[in-house]
Structures are given as C-alpha cells and as structure tokens.
Protein chains: 2
Amino acid sequence: MAKDPSIIKKIIMGNGGHLSAVEIWDCAKSQGESVSLATIYNILGRLVAQGELLEINTGEGAARYDARVDDHTHLVCTECNAIQDVDMSKSLEGLLGKVATQQKFNMHMTEVTLKGVCAQCVQSTKEK
Amino acid sequence: MAKDPSIIKKIIMGNGGHLSAVEIWDCAKSQGESVSLATIYNILGRLVAQGELLEINTGEGAARYDARVDDHTHLVCTECNAIQDVDMSKSLEGLLGKVATQQKFNMHMTEVTLKGVCAQCVQSTKEK
DNA sequence: TGCCATAATTAGAATAATTCTAATTATTAA
DNA sequence: TTAATAATTAGAATTATTCTAATTATGGCA
C-alpha cells in the first residue's frame, strides 16, 4: 500500500503548519508510522509539485512545508524561527500582479516574507 | 593586508548583480586574485551583516548575493534562474509595513519574490 | 492461487552548500 | 624586533537533499 500522503498534511496541520522534512519524519515515527526519510522527501516533493503544499525557504536551515497554499504572507521570526501566516490583501495581490505584468514576467507564484522579531520574542526580550 | 571586501561588491555589480559564492570566487580567481572560498564566505557574511549586501535564497541551489540593498522586489525565473530587480513602490512598502504593525511584528526586512518565467524565456519557449 | 509487471519504499551512498577548526600568515602597536 | 591580534587558509565536518540500486508491496489476470 502506498504510504498515504495525507498523513503528512495532517502532521503539518497538527503542528503549527510549518515543519521541516525531518520534523515531519520524527512526528510520523512517534505516531507509529514506519517510514524512511527518503519517502518523506519523495512525498513532500510530489505534494509540492501538485500544489498541495508550499515549500518555504527562510535561508536558515532546512526547507519548511506549509499546509496552507493560497496566496499569503509569511512573518519569519529571526529569533525563534517561527513562521506565521497572514492573509494577503487583495490590494497587495493586485500590486504584485501589476509589477509582473509591467515587466512582462509570467508570474506563477508570489513569496512575500517579512523578517523580524515576533511579538512573543519581543516580549521575552523585554522581560530580561 | 585584509582582502578588500569592495572587490567582491565590484565583482557582483560587474556581473549582473546576483552571484553565488562560488561564482564570485571564480571571478576573483580569473582576475588574478589569490583567495580561498572560505574567505569569500567570510567576507560575504560580514557584508551581509553590515547591510552592504543582500543574501537571496531562491530555494534552488546556492544563495545569491545582491549588491542592491534598498527595499526592492525580485523576479526569479524558474527556467534560467535569472534574478531581476524591480523597484518597490511606496504603496507596496506601506502595505507591508501595515501588515507587520497589525501583527505586532517587529519587521527588520522584507523579501518580495515573484517566481515565474522571464520575458526572454517565454520568448525562447515560443520559438521552439 | 500463483505469476508477472509495475510502482513504492528503502538504506545508504553521493552531492552540494556552507560552516568549522586549527594552523599559518600578515598586520599592528609598543 | 617582538608580542599580540587579526585575517586567511586548506581541508575536515556538518547539514540538507538527492540519487541509486536493491527490495518489497500491489494489482491484474490466467
């Protein structure tokens, strides 16, 4: 039986939505799945190609996989490495489309990432 | 004598503005510089930390370094891997700032990347 | 049921990008 | 000079990912 790819999506959604391949692997194993890391990468690759998952590259460490695939914005905390999803406004979407059109660029996807320090980390820094 | 970091910026600017560490290394060597890859990475790291260079991670291959450091948008071609810089409009900048503020996110930098096929690649695909 | 073709999974090797380490070399200040 | 510090280096180590070739599972059908 083919390893059910939906298990991976469930794991991601059940753990904050943004996991690396190894984190997914650990979760799968700890819930009794017998699966190899190569298979995790295989399935992730397939799901990304099918548009069922988003691959996020923060430039820090491994790629992370997002179960949410509609156009949205990522807030990446440089302290705790957390990724927060934020809706993308229609006006932002429109602006990006306009930029692409002006440059005769055949846009397939947008990646809007804001890097900085998340509210929790700002808070815990102050407390010190 | 400390290897002059400005040589690296010159190399980047003289070659389309978006090179990887190894590409920069090759250029440096071919113009007679005797330098190791470790030093290239050292200097790049320093320049990025000082805000003199931007590190771009397309998720494909090595990180690339951009000599332009003001807020701008990247068009990344998934065919030829070229990166094109586009000015970021004040309205886009404003929208991103607003998003961060709403989420109480202490934004340090923005990364707006549009992925797709550049005008040249669209053209050469048609010609086939 | 047993057999075959195909697809999925696997462990581990291979690769690529980057960082680390420890030694060497250069620079500076006294 | 000389001693202290900083920069550079080669190569090892690490990390993330992909590749390979072998194994295992699965479904169709005689």
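Q: Before we start, what puts two residues in contact here?
A: Two residues are in contact if their C-beta atoms, placed from the backbone, lie within 7 Å. This is a predicted model, where local features need pLDDT of at least 70, side-chain atom pairs count only at pLDDT 80 or more, and totals for chains, interfaces and linings use all residues. Residues are numbered from 1 along each chain as its sequence is written, with chains lettered from A and ligands numbered from 1 in the order in which they are written.

Q: OK, how many residues of chain B are in contact with chain A?
A: 33 residues of chain B, and they touch 34 residues of chain A.

Q: Which element of chain B gives the most to that side?
A: β6(B), with 12 residues. Elements here are DSSP runs numbered from the N terminus: helices are H or I with at least four residues, strands are E with at least two.

Q: And how does β6 of chain A run against β6(B), parallel or antiparallel?
A: Antiparallel, with 11 bridges joining the two strands; strands pair if DSSP finds at least two bridges between them.

Q: Which residue stands opposite Val112(A)?
A: Val112(B), in β6(B).

Q: Why say the copies meet through the same surface?
A: Because 100% of the interface residues of chain B are also interface residues in chain A.
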